[in-house]
Amino acid sequence: MGTTIFAEMSALALATGSVNLGQGFPDTDGPAEIAEAAAAAILEGRGNQYPPGPGIPELRHAVSAHQKRFYGLEVDPDTEVLVTAGATEGIAAALLALLEPGDEAIAFEPYYDSYAACVAMAGGTRVPVTLRPPGFRPDLDALRAAITPRARLILLNSPHNPTGAVFSREELTEIAAVACEHDLLVVSDEVYEHLVFEGEHVPVASLPGMRERTVTISSAAKTFSFTGWKIGWVTGTPELVAAVRTVKQFLTYVTGGPFQYAVAQALALPDAYFASLSAGLRGKRDLLCAGLAEAGFEVYRPAGTYFVTTDIRPLGESDGMEFCAALPARAGVVAIPSAVFYDDVAAGSSQVRFAFCKKEQVLREALTRLAALARA
Ligand code: PMP
Ligand code: GLN
């Protein structure tokens with residue numbers, strides 16, 4: 001312990017000279033005009049001192065306009081938006097605000113590593129509902145069966161890390177109906193909202209009955225390829241946002257003043273920007289999926305995100321942890337064993353996640369190296 005699996009695997013990639021398809025960060029920065037906007041804000045003295053607690057008005061208005069433009073959602077920039085230190089802080093603050101000790105948070109596993117940690121920090125109990133290959137579709141019966149009188153919220157993530165599943169409108173509508181029936185809150189992590197290759201991203205807050213019970217979280221990291229800037233945002237009713245803000249103010253107080261100006265500008269980029277982002281990643285997904293299949297992996301083709309989940313059993317392997325630990329030496333590639341995302345470790349023991357948010361030549365190099373595995 002002490003470092004996350006992602007940091008650990010990135011360090012391993014560096015130490016071994018491996019191609020890093022582990023941690024999900026793009027190896028190409030976002031738009032130069034947005035980087036220039038951040039530099040200009042610093043040089044012009046905008047945001048260099050503590051910005052307002054809820055975030056600068058420009059960014060709160062831009063988030064509100066984004067929700068309206070892409071999803072038809074009305075969000076009051078003054079009372080229904082909170083700027084956070086990435087989605088990571090939004091998730092932490094929301095869970096700390098909404099969970100009382102002993103409350104249960106239901107989440108579809110495999111899940112992103114911070115969920116379990118934040119539920120634990122809030123004194124809550126996580127209740128996993130397993131998504132299974134090949135489709136990793138949400139099992140509504142299993143969801144219903146997981147609900148006890150201690151259930152407080154459902155922690156949703158679509159598009160989903162690590163599987164790349166994008167929940168359909170029908171699936172989300174059913175999940176929403178369960179939330180309404182049992183009077184549960186929903187914390188919806190939508191950081192991959194613009195990285196959808198098939199289907200559509202449906203914000204759960206846009207579904208009937210959900211606006212008043214959903215805390216929606218997103219960030220600039222994936223949408224604008226600036227994962228180091230750590231600008232995120234939370235939207236929801238004034239009551240929910242106030243609860244999250246009450247916690248957030250003692251986590252970081254405020255964050256990234258100059259970057260907030262740049263992200264406000266980024267959110268207003270033309271539709272062509274968003275379309276080319278997902279089109280570029282779709283091509284990389286196709287390249288990596290085809291190459292991994294050729295190298296002998298079973299490939300669960302993702303509809304969104306940065307990631308593809310594979311199964312290593314066709315290669316004569318069964319333990320993803322061992323496989324990923326040995327992969328740098330065997331092939332000079334780093335990947336993430338999906339077991340780390342499961343409570344039910346057996347359910348994901350032979351799954352391995354690869355990131356495709358990398359330059360085409362980097363993906364090709366990784367595939368050349370991996371092609372040797374099946375022959376070895
Ligand atoms: N949620 C998910 C599902 C993620 O994959 C990530 C990671 N990048 C985050 C949240 C964290 O986002 P941020 O970098 O904005 O804190
Ligand atoms: N979200 C990224 C991933 O899943 C990593 C972010 C992090 O390292 N915390 O790989």
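In what follows, Ala, Val, Leu, Ile, Met, Phe, Trp, Tyr, Cys and Pro count as nonpolar, Asp, Glu, Lys and Arg as charged, and the others, Gly among them, as polar. By that division, the shell around ligand 2 is made up of 4 nonpolar, 3 polar and 1 charged residues. The model is a predicted one, in which local features need pLDDT of at least 70 and side-chain atom pairs count only at pLDDT 80 or more, while totals for chains, interfaces and linings use all residues. Residues are numbered from 1 along each chain as its sequence is written, chains are lettered from A and ligands numbered from 1 in the order in which they are written, and side-chain values use heavy atoms, with hydrogens and water left out.

The residues around ligand 2 (those with a heavy atom within 4 Å of it) are F6, Q23, G24, Y112, N161, Y192, F307 and R353. Some of them make polar contacts, that is, pairs of N or O atoms within 3.5 Å; within protein, one atom must be able to donate a hydrogen and the other to accept it, and residues adjacent in sequence count only if both atoms are side-chain atoms. A polar side-chain atom of R353 lies 2.7 Å from an oxygen atom of ligand 2, and a polar side-chain atom of N161 lies 2.8 Å from an oxygen atom of this ligand. G24 contributes through its backbone, where an N or O atom lies 2.8 Å from an oxygen atom of ligand 2. Taken alone, ligand 2 exposes 300 Å², of which the protein buries 82%, with accessible areas from the Shrake-Rupley method and a 1.4 Å probe, and, for residues, only the protein chains shown counting as cover.

Around ligand 1 there are 15 residues, of which T88, D189, Y192, K222 and K230 come nearest. The side chain of T88 places a polar atom 2.5 Å from an oxygen atom of ligand 1, and an N or O atom in the side chain of Y192 is 2.7 Å from an oxygen atom of this ligand. For A87, a polar backbone atom is 2.8 Å from an oxygen atom of ligand 1. Taken alone, ligand 1 exposes 400 Å², and the protein buries 94% of that.

The largest pocket has a volume of about 980 Å³, a volume being the space filled by probe spheres set on the points, which are joined across faces, edges and corners. Of its 39 lining residues, T4, F6, Y112, D113 and S114 are the closest to its centre.

The largest cavity holds about 100 Å³ of space, and its lining includes Q67, E80, R211 and G236.

Note on methods. 1 Å grid on protein atoms, 1.4 Å probe; cavity = no way out; pocket = protein on both sides within 12 Å on 5 of 7 lines; lining within 4 Å.
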